[in-house]
Amino acid sequence: VPRTPQSVPDGTGSLGRGGGGLLFYYTGSAEQLEEKLKLNETVGDVFFAYGGNDTSVSAITEAVDLFQQGLSCCGQYGYEDWANASIAFTWAETLNNKVYLPDSCCKEETTDCGEDVDLTKNETVVAQKFYTKGCQSKIRDFLNEWTNAIAGIMMSAFVLQLICLLFSCCLCCIKDHD
């Protein structure tokens with residue numbers, strides 16, 4: 001029985017994913033990946049919209065709160081961002097330009113704990129109760145830490161898929177000879 005092209009295993013999806021892994025791995029450092037992802041603009045847009053009342057903005061607010069608690073960070077560049085209307089415009093507008101931190105900036109999150117902040121005090125005093133490091137630097141640290149591991153996993157998956165593809169081709173050839 002002659003083989004038709006449809007009956008031969010198709011490995012192009014696997015090869016494409018593997019090629020994507022190779023491309024990802026050889027594009028360089030996490031800083032270059034950060035540039036490609038436009039991390040500065042993306043994180044900036046998210047913090048700019050934080051605190052609004054629209055449904056989509058409400059989802060952004062919840063996501064930022066989860067990020068700040070999960071990464072132990074506060075603001076885009078640091079906790080002072082929440083007083084800066086050019087970074088956190090919607091938040092500052094909602095509070096009528098009063099200075100509060102979101103509760104997710106508190107090390108022990110309780111209702112309205114962000115109202116206790118006094119930005120005139122030095123960072124050491126603020127750091128006792130609030131996260132002070134910005135989320136963008138935490139994301140950058142995460143990318144630096146995990147970029148090579150993710151690339152290694154992608155490369156391993158590619159090699160495994162390539163071996164499976166070669167094995168299936170060998171099985172097809174053996175079956176054709178029988």
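**View 1. Helix α7 has a kink of about 45°, centred on Trp146.** The bend at a residue is the angle between axes fitted to the seven residues ending there and the seven starting there. This is a predicted model, where local features need pLDDT of at least 70, side-chain atom pairs count only at pLDDT 80 or more, and totals for chains, interfaces and linings use all residues. Residues are numbered from 1 along each chain as its sequence is written, and side-chain values use heavy atoms, with hydrogens and water left out. Helices are DSSP runs (H or I, at least four residues), numbered from the N terminus. With 43 residues, α7 reaches 61 Å from first C-alpha to last, close to the 63 Å expected at 1.5 Å a residue; that expected span is 1.5 Å times one less than the number of residues.

**View 2. Phe142 and Trp146 make a tilted ring pair.** Rings of Phe, Tyr and Trp (its six-membered ring) pair if their centres lie within 6.5 Å; planes under 30 degrees apart are stacked, over 60 edge-to-face, and the rest tilted. By this rule there are three aromatic pairs. Here the ring centres sit 6.4 Å apart and the planes are at 40°, so the pair counts as tilted. Both residues lie in helix α7, four residues apart, about one turn of the helix. Elsewhere, ring pairs link Phe47, Tyr50 and Trp82 into a cluster.

**View 3. Phe142, Trp146, Ile150 and Met154 make a nonpolar surface patch of about 360 Å².** Patch members have over 30% relative accessible area and no salt bridge; nonpolar side chains (Val, Leu, Ile, Met, Phe, Trp, Tyr) are joined within 5 Å, like charges within 9 Å. Areas come from the Shrake-Rupley method with a 1.4 Å probe, and for residues only the protein chains shown count as cover. Phe142 is partly exposed at 44%, and so is Trp146 at 39% (buried is under 20% relative accessible area, exposed over 50%, partly exposed in between). What about the buried residues of α7? They include Leu143, Thr147, Ala151 and Phe158.

**View 4. Asp141 and Lys133 meet in a salt bridge.** Their side chains come to 2.9 Å, N to O; the cut-off is a side-chain nitrogen of Lys or Arg within 4 Å of a carboxyl oxygen of Asp or Glu.

Technical notes:
Buried means under 20% relative accessible area, exposed over 50%, partly exposed in between (1.4 Å probe, protein chains only). Helices (H or I, at least four residues) and strands (E, at least two) are DSSP runs, numbered from the N terminus.
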